[in-house]
Amino acid sequence: RRFVTARRMLDKGAIAFCIFVNGEIAHIGWIALSEEAHKAVDNLSYRVDFLNHEACTGGVETMTRYRGEGLMAYGHFERFEFLREKGIVVSRNAVAKSNIASQKANAKFGARVYAEAKYLRLLWWHFWKEKPLARPATYD
C-alpha cells in the first residue's frame with residue numbers, strides 16, 4: 001500500500017533496491033538506466049546522458065522507525081556498486097537544499113553539486129530551470 005507507484009516504475013524499467021529488516025521493508029531506493037525509467041523515478045528534468053554511461057537515482061526513502069541506523073548510506077553503497085558493475089561512471093540525482101539527511105549520505109560518497117535548480121509546479125504544468133555552477137561544489 002505504501003508504494004503505490006512501484007509497479008508503474010518497474011514497468012518503465014526502473015530498478016528498486018530494498019533493504020528489509022525482519023521481513024519488513026526498511027529502506028528503498030531507485031535507479032534509472034533509461035530516459036523512460038528516469039521519468040518514472042523522478043519527474044524533475046535534470047539532464048542525464050544515458051548513452052554516455054550515466055544513470056540517475058531517486059525515490060530514496062527510509063521508513064521512519066529505521067532512520068538514523070545508516071540504511072541510507074548502505075543503500076547508496078549497494079546502488080553505486082551495482083552501477084559500477086554495469087560500467088556506469090556517473091549517477092545523477094536531485095536533492096532539496098532542505099534534505100540534510102540525503103546531503104550527508106551523498107557526501108560520504110564524494111558527490112558533487114554541479115548545478116542549482118528551481119522547480120515550480122502549477123496544476124499540471126512543471127517548470128525546471130537549471131543553473132550550472134562555475135565550479136562544482138561538494139556537500140559539507
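**Pocket.** I started with the second largest pocket of this predicted model. I found 16 residues lining this pocket, with Thr62, Arg67, Gly68, Met72 and Ala101 nearest its centre. Strand E3 (54–62), helix H3 (71–85) and helix H4 (100–107) are the elements that give two or more residues to the lining. Sorted by class, I get 7 nonpolar, 4 polar and 5 charged lining residues. The volume comes out at about 310 Å³.

**Core.** Next I looked up the largest nonpolar core, which has 20 residues. Met9, Ala14, Trp30, Val41 and Cys56 have the most contacts inside this core. Two or more residues each come from helix H1 (6–11), strand E2 (24–32) and helix H2 (35–41). Which element gives the most to this core? I noted E2, with 5 residues.

I then took Cys56 on its own. Leaving out residues up to four places away in sequence, I listed its contacts as Trp30, Ile31, Ala32, His38, Tyr46, Val48, Phe50, Ser91 and Arg92. There is also a second, separate core of 5 residues, including Ile31, Ala55, Leu83 and Ile88.

**His38.** His38 sits in helix H2. Again skipping residues up to four places away in sequence, His38 touches Ala32, Leu44, Tyr46, Val48, Phe50 and Cys56.

Glu36 pairs with Lys12, with the closest N and O atoms 3.6 Å apart. Glu36 is in helix H2 and Lys12 in the loop between H1 and strand E1 (15–21), so this pair ties together parts that are 24 residues apart in sequence. I have both down as partly exposed: Glu36 at 46% and Lys12 at 34% relative accessible area.

Glu130 meets Arg47 at 2.7 Å, N to O. This pair links distant parts of the chain, with Glu130 in strand E6 (residues 125–138) and Arg47 in the loop between H2 and E3, 83 residues apart. Glu130 is buried, at 17% relative accessible area, whereas Arg47 counts as exposed at 55%.

Glu81 and Arg84 also form a salt bridge, 2.8 Å from N to O. Both lie in helix H3, 3 residues apart, which is about one turn of the helix. I noted Glu81 as partly exposed at 26% relative accessibility and Arg84 as exposed, at 53%.

Definitions and conventions. Residues numbered from 1 in each chain as written. Predicted model: local features only at pLDDT ≥ 70, side-chain atom pairs only at ≥ 80, totals over all residues. Heavy atoms only, no water. Core = buried A, V, L, I, M, F, W, Y, C linked by side-chain atoms within 4.5 Å. Buried < 20%, exposed > 50% of the residue type's maximum accessible area, 1.4 Å probe, protein only. Helix = DSSP H or I, 4+ residues; strand = E, 2+ residues; numbered from the N terminus. Contact = heavy atoms within 4.5 Å. 1 Å grid on protein atoms, 1.4 Å probe; cavity = no way out; pocket = protein on both sides within 12 Å on 5 of 7 lines; lining within 4 Å. Points joined across faces, edges and corners; volume = space filled by probe spheres on them. Nonpolar A, V, L, I, M, F, W, Y, C, P; charged D, E, K, R; others polar. Salt bridge = Lys/Arg side-chain N within 4 Å of Asp/Glu carboxyl O.
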